[in-house]
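Subject: Structure for you to look at

Dear colleague,

I am handing over the structure we spoke about, and below it you will find a description of what was found. Please keep the structure open while you read, so that you can look up each place as it is named.

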Amino acid sequence: MSNYRPLDISFARGEGAWLWDQSGERYLDALCGIGVTGLGHAHPAITQAICEQAGQLIHTSNIYNINKQQQLAEKLALISGMSRTFFCNSGAEANEAAIKLARLHGHQKDISEPRIIVTEGSFHGRTMATLTATGNRKVQAGFEPLVQGFIRVPYNDLEAIKTVAEEHNDISAILVEPIQGEGGIQIPDADYLTEIGQLCKQNNWLFMLDEVQTGMGRTGNWFAFQQQDLLPDVVTLAKGLGNGVPIGACLASGPAADLFQPGHHGSTFGGNPLVCNTALAVINTIEQDKLLPRISQLNDILLQGLQQKIGTMDAVISIRGQGLMLAIELDRPCTELVSHALKLGLLINVTTENVIRLLPPFILNDEQAEDIINIINDLVRSFLEES
Ligand code: PLP
């Protein structure tokens, strides 16, 4: 169907941070399939995990115990501090699970039609409930009637949430991204999440974080919420969890972890041995290769380098980012930069029309980081001269 507008290129193979197109041309991947392949392409440990598991057992069903799923749930609990996990196949599905938890929690509080607080500029997926939760009219337009049960506030605005708490008694949860990804790499104030956590405690709301894009190391910690001293009730994951195999997860802690009872939710493919063994290999590799500190180091290299080269230009509004989730915001629309970059051998993305988004792999070497800086410098300079 015509729901995508693909660029005129197709890749034949990849290795590490490199991709090759059908005609053998090489490209540096600073996008990772939108934040997915953090370990790069054809990582030997991931290939091995997929091949070994495929040779043993790909799928049974959640009507049986799944050993690898239990191992992965235990590992996720260990690195997150959360207690239990529901496995699915995508970020939207992980958020659907979170939304269902919020509804169950609301009904437990005797609210007949519970609502979830969501933010402007957010992105939570393309299913009916998650596109309703998404704070972008373009994603919703044409799909009305939308799902009921959401109330929207501006992002990074604690007062707006406090006002909702004062004026409404039908709220059961808040769902928010620690950093808005699709919304243009928007980083909230340092106390934003902590304060939301406190408001959630005071009001008995579930504190639900969409870490589909920020999670699994992308921001330099396993999870973005770990930059503060807090523990959410629900955390959703996908993207980097499987390095490209489709897996999503909804983690919960405290009473939220026991809301789902048999029959409440499910997925045929969710948490099958193949995807779980792959995700275990992703976590082990990030641990063994000490990639989390490396992500923070790469953040310094890239932010400093970009700042030095183009940071003082009038048209550059801001260069920002946490870990390997980086943005260069220009004062004008620049979507054509995606195809210009491709011609220079670099994969990037533009969100909200004027924000160049970089989501490079964790295995980037210093030379590749320098390449990204230099190509972006050329790209932005020639674009600004011409526009
Ligand atoms: N949540 C966030 C924060 C995302 O960035 C995305 C995808 O970009 C999603 C949810 C949806 O994930 P998926 O496309 O796997 O359904």
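Is V235 buried or exposed? Please keep in mind, before the reply, that this is a predicted model. At a relative accessibility of 0%, V235 counts as buried, because buried means under 20% relative accessible area. This residue V235 belongs to strand β9, which covers residues 234-237. Leaving aside residues up to four places away in sequence, V235 touches M82, L209, E211, F225, A249, C250 and L251. As for distance, V235 and G135 are 100 residues apart in sequence, and from C-alpha to C-alpha they are 19 Å apart in space.

The chain as a whole

The protein chain has 12 helices and 15 strands. Its radius of gyration is 21 Å, close to the 21 Å that the globule rule gives for 387 residues, so the chain is as compact as a globular protein of that length. Along the principal axes, the C-alpha trace of the protein chain spans about 60 × 55 × 45 Å. Of the 387 residues in the protein chain, 56% count as buried. The accessible surface of the protein chain comes to about 17,300 Å², and 49% of this surface belongs to carbon and sulfur atoms. If you take the contacts in the protein chain between residues at least 6 apart in sequence, 70% of them join residues at least 24 apart.

Aromatic rings

There are 4 aromatic pairs in the structure. Y155 lies in the loop between β6 (150-153) and α7 (158-167), while Y192 lies in helix α8 (residues 192-203), so the pair ties together parts that are 37 residues apart in sequence. Both Y155 and Y192 are buried.

Why does the pair of F223 and F225 count as stacked? The ring centres of F223 and F225 are 5.9 Å apart and their planes are at 10°, so the pair is stacked, given that planes under 30 degrees apart count as stacked. F223 is buried, with a relative accessible area of 0%, and F225, at 1% relative accessibility, counts as buried too.

R13 is placed over the face of W20, at 4.0 Å from the ring centre, and R26 lies over the face of W18, at 3.5 Å from the ring centre.

Cysteines and a histidine

How many disulfides does the structure hold? The number of disulfides is 0. C32 is in no disulfide, and the nearest cysteine sulfur, that of C334, is 20 Å away. This C32 counts as buried, at 0% relative accessibility. C51 is likewise in no disulfide, and for C51 the nearest cysteine sulfur is that of C276, 17 Å away.

Lastly, H105 is found in helix α4, which covers residues 91-108. At 9% relative accessibility, H105 counts as buried. Not counting residues up to four places away in sequence, H105 touches S172, N204, W205, L206 and L259.

With kind regards

Notes. Residues numbered from 1 in each chain as written. Predicted model: local features only at pLDDT ≥ 70, side-chain atom pairs only at ≥ 80, totals over all residues. Heavy atoms only, no water. Phe/Tyr/Trp six-rings, centres within 6.5 Å; stacked < 30°, edge-to-face > 60°. Helix = DSSP H or I, 4+ residues; strand = E, 2+ residues; numbered from the N terminus. Buried < 20%, exposed > 50% of the residue type's maximum accessible area, 1.4 Å probe, protein only. Lys NZ or Arg CZ within 6 Å of the ring centre and 35° of its normal. Rg over C-alpha atoms; globule rule 2.2 N^0.38 Å. Contact = heavy atoms within 4.5 Å. Areas by Shrake-Rupley, 256 points an atom, 1.4 Å probe, with all protein chains shown as cover. Disulfide = S-S within 2.5 Å.
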